[in-house]
Amino acid sequence: MNTAERLLGYFVKHESEYLSGETLANHLGVSRAAIWKAVQKLNENGHQIESQHRKGYLYKETGVLSVPVIKTLAFSDWDVKVFEQLDSSNSYAKTALAAGEITKPTVIIADQQKAAYGRFRRSFVAQSQTGIYLSFALPVKNNTRLDPGLLTTATAVVVRNVIKETLGCQLSFKWVNDLIFNNKKVGGILTEGVLDIESQSLSSLVVGIGLNIIQPTHLSNELQEKVGGMVPDLFFSRNIIIAKLIDSFSAMIEKYHTGIYLSEYRAHNIVLGHEVTVQFGTQQMNGKAIAIGDKGALILETSDGKTVTISSGEIIKLNICGQAY
């Protein structure tokens, strides 16, 4: 990292503290003039560092997404890429993995996405300065075991726990990948695999997370009823939330196969006990959601008393106390 990036990392660890130029110069092993130049560069890049005579420099959070800040805050050794704008972080990750440009676990983050998509390629709104839009890109070995249902549900639990810790919001789940707060969708998860063309085996994995921290603007009337946010403004650093997501996801990916996240996923799933309509492939099925299976599948009880297990699909109709989801 260059001097400005190293300085930023040190500032983050001492947020709300005045630091003298001498202290910073000694810590980084550079001159005080180099510190001054680095501060100017950081301010030009959108960070806010104030200076006061006899007190030194003071770093203030501005909401700017920053690789040095995230890597300073995260304990996990992931590569981090931040973009001001992408079409889709999942699309970028899949292309880079297939081209061999990503060779180790990497998180792709975009402040804004112009062609963001979820399950069944449905578009979603990913506006600048309103949320967290990222993708975990993981090259995998040929013998890697993949349980999509368990991975998606475990990722949902990871997101819930991080949001509870940072923003104090209690998220619920709508099977399989929707994140709900105050009866509105505030996020989703999309797990995609990349196949090796020659071997037709799984070569890499992408797990995308989209979160509306605050509600997007200029939504249609239909979306206004269904799409929400979690807080009225970005009072909490997105860099901190992202760093915690990276660490929690890194820990989860090693053990999600065991199903240890399922009990929490079940406990906060809004669909259980309610009548739903599920679409899977070209088919639709009505029934009562009675359980989440040991692999994350939805178990329905149909009107004729049959039990049906649906491993992959989407709930397209759910009504709870007059609220449509």
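## Charge

The protein chain carries 32 positive and 30 negative side chains. The centres of these two sets are 2 Å apart. The model is a predicted one.

## Overall form

Nine helices and 16 strands are assigned in the protein chain. Along the principal axes, its C-alpha atoms occupy a box of roughly 80 × 50 × 35 Å.

## Surface and contacts

Of the 325 residues in the protein chain, 49% are buried. The accessible surface amounts to about 16,000 Å², and carbon and sulfur atoms account for 47% of that surface.

Contacts in the protein chain between residues at least 6 apart in sequence include a 63% share that joins residues at least 24 apart.

Arg238 is located in helix H8, which spans residues 238-253. Its relative accessibility is 2%, so Arg238 counts as buried, the cut-off being under 20%.

Two polar partners of the Arg238 side chain can be given. With the side chain of Asp111, Arg238 forms a polar contact of 2.8 Å. The backbone oxygen of Gly63 is reached by the side chain of Arg238 at 2.9 Å. Both Gly63 and Asp111 are also among the residues in contact with Arg238 when neighbours within four places in sequence are left aside.

Technical notes: Residues are numbered from 1 along each chain as its sequence is written. This is a predicted model: local features need pLDDT of at least 70, side-chain atom pairs count only at pLDDT 80 or more; totals for chains, interfaces and linings use all residues. Side-chain values use heavy atoms; hydrogens and water are left out. Helices (H or I, at least four residues) and strands (E, at least two) are DSSP runs, numbered from the N terminus. Buried means under 20% relative accessible area, exposed over 50%, partly exposed in between (1.4 Å probe, protein chains only). Contact means heavy atoms within 4.5 Å. Accessible areas come from the Shrake-Rupley method with a 1.4 Å probe; for residues, only the protein chains shown count as cover. Lys and Arg count as positive and Asp and Glu as negative; His and the chain ends are not counted. The place of a charge is taken as NZ of Lys, CZ of Arg, CG of Asp or CD of Glu. A polar contact is a pair of N or O atoms within 3.5 Å; within protein, one must be able to donate a hydrogen and the other to accept it, and residues adjacent in sequence count only if both atoms are side-chain atoms.
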